[in-house]
Amino acid sequence: MYTPALEHLCIVMVETSHPGNIGSAARAMKVMGIQDLRLVAPRKPYSQDTWALASGANDIIEQAKIVPTLQDAVADCHIVIGASARSERTLQWPQMDSRECGVFVAEHLPQQKIALVFGRERSGLTNEELDHCNTLVHIPMAFDFFSLNIAMAIQVLAYECATAVRLAMPSETTPPDPDDALASAESMESFYTHLEQSMIATRFLDPENPRLLMRRLRRLFGRAGVTVSEMNILRGMLAAFAGRKFQTRE
Ligand code: SAH
């Protein structure tokens, strides 16, 4: 789904070593509707891996800006969020988890331009680079001594941001389908009468010894939350079992 607000979100990759990771990152962005990729001094030129892993996201790589420093990459951004594989930096820099980051981004787009910054595969972001970030984001992992592959980290954060932005958008109000409304109490009552009569007619229910059958069935159908269209099916079935056609009443 195309979400215009995401035009104001860019992904920055700092000194990426593996050209394949740039391709995978482009794909991760593309599927979430994020277009703007900025590369700070990539270590190697694009390779076959870049294009192979980008799959259908070549346009993102073709339009990617290549700049010498992080400062250049984020110059036009109002908020810079650094993605950190470590969580113990909390004391020095404010840190969010990935879900909080999505909500934060959704709150500030599209008025503000936001950059999500990802570090080197081996060493992450330097402290000087973190100084250019307003806040950090960490994707919680089962083990703190591991880190995610950079493109996978981009995927997780792109997903969180795109989802939060979509949820924050005023939803299109499609008029409710009247057939999806719950059947009225009156219609449930006529159904129970019909059901009881059918069960008596087929001798499934002995009116001299009804036990708790009807109450149990009421409980069953009461729990189900039967809709108008489902009620039509139930009544139609009972009528068909008795060899008659049922006229819908709602
Ligand atoms: N050994 C490096 C790991 C770098 S992984 C370090 O300790 O920093 C490459 C990049 O992927 C990281 O700089 C970060 O931007 C991103 N990344 C990896 N795992 C992440 C996580 N759990 N949360 C947020 N970003 C993560």
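A residue is called buried when its relative accessible area is under 20%, exposed when that area is over 50%, and partly exposed in between, the area being computed with a 1.4 Å probe on protein chains only. The structure described here is a predicted model, in which local features need pLDDT of at least 70 and side-chain atom pairs count only at pLDDT 80 or more, whereas totals for chains, interfaces and linings use all residues. Residues are numbered from 1 along each chain as its sequence is written, and side-chain values use heavy atoms, with hydrogens and water left out.

Helices (H or I, at least four residues) and strands (E, at least two) are taken as DSSP runs and numbered from the N terminus, and two strands are said to pair if DSSP finds at least two bridges between them. On these terms the model contains an open sheet of 7 strands, arranged in the order β3-β2-β1-β6-β4-β7-β5 with parallel pairing. The edge strands are β3 (65-67) and β5 (95-97), each of which pairs on one side only. From one strand to the next, the twist averages 25 degrees.

Strand β6 (residues 114-118) is mostly covered, since 5 of its 5 residues are buried.

Strand β4 is itself largely enclosed by the rest of the structure, because 5 of its 5 residues are buried. Ile79, Ile81 and Ala83 point one way from β4, while Val80 and Gly82 point the other way, and all are buried. Strand β4 also pairs with strand β7 (residues 135-138), in the parallel sense over 3 bridges, and glycine 82 stands opposite leucine 136 in β7. Strands β5 and β7 pair in the parallel sense over 3 bridges, with aspartate 97 standing opposite histidine 138 in β7.

Contact is taken to mean heavy atoms within 4.5 Å, while axes are lines fitted to C-alpha atoms, for helices over the stretch in contact, and angles run from 0 to 180 degrees between N-to-C directions. Helix α5 (residues 98-108) and helix α7 (residues 150-168) pack at an angle of about 45 degrees, their axes lying 8 Å apart. This angle makes α5 oblique to α7, given that angles under 35 degrees count as roughly parallel, over 145 as roughly antiparallel, 65 to 115 as roughly perpendicular and the rest as oblique. In this packing, Ser98, Arg99, Cys101, Gly102, Val103, Val105 and Ala106 of α5 meet Val156, Leu157, Glu160, Cys161, Ala164, Val165 and Ala168 of α7. The residues of this contact of α5 with α7 divide into 10 nonpolar, 2 polar and 2 charged, where Ala, Val, Leu, Ile, Met, Phe, Trp, Tyr, Cys and Pro count as nonpolar, Asp, Glu, Lys and Arg as charged, and the others, Gly among them, as polar.

Histidine 194 is found in helix α8 (residues 185-201) and is buried, with a relative accessible area of 9%. When its neighbours within four places in sequence are left aside, histidine 194 is in contact with Arg235, Leu238 and Ala239.
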